[in-house]
Each structure stands twice: as C-alpha cells, then as structure tokens.
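Visitor: Please take me through this structure and tell me, for each term you use, what rule stands behind it.

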Amino acid sequence: MTQLPEDLLVWDAHACMPIRPNQDLSALERYRSIGASLVSINVGMDFNPLGHIVRVIAGYRDWIARHSDRFVLAKSMSDVEAARKTGRVAVMFDLEGSAMLEDDLATVGFFRDLGVAQIHLAYNLDNSVAGGCHGAGIGLTTFGRKVVAEINRVGMIMDCSHSSERTSLEVMEMSCKPVVFSHANVRALKDHPRNLTDAQIMACARTGGVIGLSGVGIFIGDDDIRVESLIRHVDYLADLVGPSYIGLGLDYSFHTVTGDLPEGEDMAKWWPEGYGYDLRNMAYMAPEAIPELANAMLRSGYSSAEVAGVLGQNFARVARATW
C-alpha cells in the first residue's frame, strides 16, 4: 500500500517546515500524495519572538490561500471534512512553547484566530509558564494555570510534548478537556527525557487524550526509523491504555531545524549535549511511511477500526471535544 484508502481520516499531529516568513510549502504535497487528511505544522518555538511568528503565520496563511485547490487552513472539524471530500489536505498550525504569549492571556485567543489550533507550554526548557523536559523539573507556574484554562476556553488542543513530567501531570489534572502529546514516544522502550513515563501515558488516557507517536529516530531507538520499531511503541501503548489513545505525530522535518534558531542563540542550550541531538544528521520517519505503518498494524493483528483510530480518528475525537 503506497496510498491510503480514501475513506480513512489520516492525521499527522506535528511536522516542521522552516519557521521563516514567506516560505514555499509545496513539500506538503507529499501528504496529499499518500491520501492524508490533515497535517499540523509548527509556526513558532520558545526561542522565536512574537513578531517573527506573526510574520511566519502571515506567510503560511497566504501560501495556503493561494493554493486553495489543494490545501485548506483548518480551524474546525468541518474544515477537515470539507478538505477530505474535495481531495485537499487540511493544514493547521501549532506552537511549541508559550514564551511568544509574552505573559499576556489575550495572545492565546489571538493565535487561535490566526489558525493555531494546538499548543504546548514549554519547549525543552523552563519558562514563565511551565517546566520543560530538559529543565529543572518544575511544574505549572501560577500564570501557567491561567494559560491552561484560557487554552481550554478558546478551544485549542492542549499539548504536553517537550514538557517536564510534573508540568504534564499538572496540566492533565486541571484541564477540563482532553490533553495530548502530539509527538512523543515510550520511555520504557527508549529512555530519553522527551519520551513518556507510564504515569504520563495513563494520565493522558484518563483525559480522553492521545499520544501521537514521533518518527524521530532518537526517540524510537538508536536513530532507528524502521516501521517495526515504531510498532513496538504502538504495542506498548495498546497494552497499557488501549489503541483508542494512540495517534501519529511524526515530527518530520522538511528542513534542518538549526535554521530556525535566531542569530546568537546557542544550539546546545535548547538541545543539550548527551541526548543524541545531532540536528544536522538526525533520522526522521517520512510521511510516506504511514501506509506501511497501517499495513504493519494490520499484520500484527490490529483491527481495521483500531488502525483507523491510530491513523487519525483518535485525534479527530480530541479535536471535536476541544475546538
């Protein structure tokens, strides 16, 4: 299978295009070629200033509008369904971190209006809102609790990727809507601070959320992007919480992410040495692997309905409950 059946809703919860203004997003055509329904692309990280991110979003929105025969900006599930029926790919935006909110709750709704439909609170390091997975292990700040409530209120998907374990558990405890990890794998199978403990996995499932499995090699194994290796993470999650809480967030990078760093920023600050972050040479599972992953799940004994859930219906359930 190189292309997915037309009736499948296929959702990739996180991918990376260059976080620079006025980019050509033609590479997203690769999702259309396999029959994917939606892809979420990153429009900013904690080290990108607010003004820069606004320009990035302006450029992305403009490109999507000029290619409306193939793509549509998704702000609701009706947009996603409309795209499916017309052979287009729905594109949504996500933010990695919350420094760009500039400690102003009004910016949460502002970003939602611009098409940011998913956000997590800390990108690897601690900030004024929450703790990152490479930080000091802090949880939500007092302001961070207000941010979570505002994210719930305006209707964005609350994401805990890149967060500290304590932050994620506190978010999942207080959120009144499902919480996801858009791109994270199982720590019991690959011990990395970016991956999830059993406590995080079970807490996510209790919210009705989804763990979107990452296709980045250092989080699957030792730079391992084989489909059979990712299936091990699927199996682990299915055994622990069930297949209804599994999705895909391959985190495929269409560029070298070091180019997203503002001038003067230290790469080792954001991606600490000793954790396998060879950013210029990292292995990524490509979107074209999704049909192969579906086939591998079917061969492993998962039902068609369970495969459909993992490929997209589970994330769609969260979107319907949050947007």
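Guide: What follows treats cavities, a helix crossing and an aromatic pair in turn. This is a predicted model, in which local features need pLDDT of at least 70 and side-chain atom pairs count only at pLDDT 80 or more, while totals for chains, interfaces and linings use all residues. Residues are numbered from 1 along each chain as its sequence is written, and side-chain values use heavy atoms, with hydrogens and water left out.

Visitor: What makes a space count as a cavity, and how many cavities of 30 Å³ or more are there?

Guide: A cavity is a set of points, on a 1 Å grid over the protein atoms alone, where a 1.4 Å probe fits but cannot get out. The structure holds two of 30 Å³ or more, a volume being the space filled by probe spheres set on the points, which are joined across faces, edges and corners.

Visitor: Which residues line the largest cavity?

Guide: Lining residues have an atom within 4 Å of a point; there are 21 for the largest cavity, and Tyr123, Asp251, Val257, Trp271 and Tyr284 lie nearest its centre. Among the residues lining the second largest cavity are Cys133, His162 and Arg194.

Visitor: How do you know where helix 7 and helix 9 touch?

Guide: The axes of helix 7 (residues 198-206) and helix 9 (residues 227-240) come within 11 Å and cross at roughly 65 degrees, axes being lines fitted to C-alpha atoms over the stretch in contact, with angles from 0 to 180 degrees between N-to-C directions. Contact means heavy atoms within 4.5 Å, and Asp198, Ile201 and Met202 of helix 7 make it with Tyr236, Leu237 and Leu240 of helix 9.

Visitor: Why is the pair of Tyr123 and Trp271 called edge-to-face?

Guide: Rings of Phe, Tyr and Trp (its six-membered ring) pair if their centres lie within 6.5 Å, and planes under 30 degrees apart count as stacked, over 60 as edge-to-face and the rest as tilted. The centres of Tyr123 and Trp271 are 6.2 Å apart and their planes stand at 80 degrees, so the pair is edge-to-face. The two residues lie 148 residues apart, and the pair links distant parts of the chain.

Key:
On a 1 Å grid over the protein atoms alone, a cavity is a set of points where a 1.4 Å probe fits but cannot get out, and a pocket is an open set with protein on both sides within 12 Å along at least five of seven lines; lining residues have an atom within 4 Å of a point. Helices (H or I, at least four residues) and strands (E, at least two) are DSSP runs, numbered from the N terminus.
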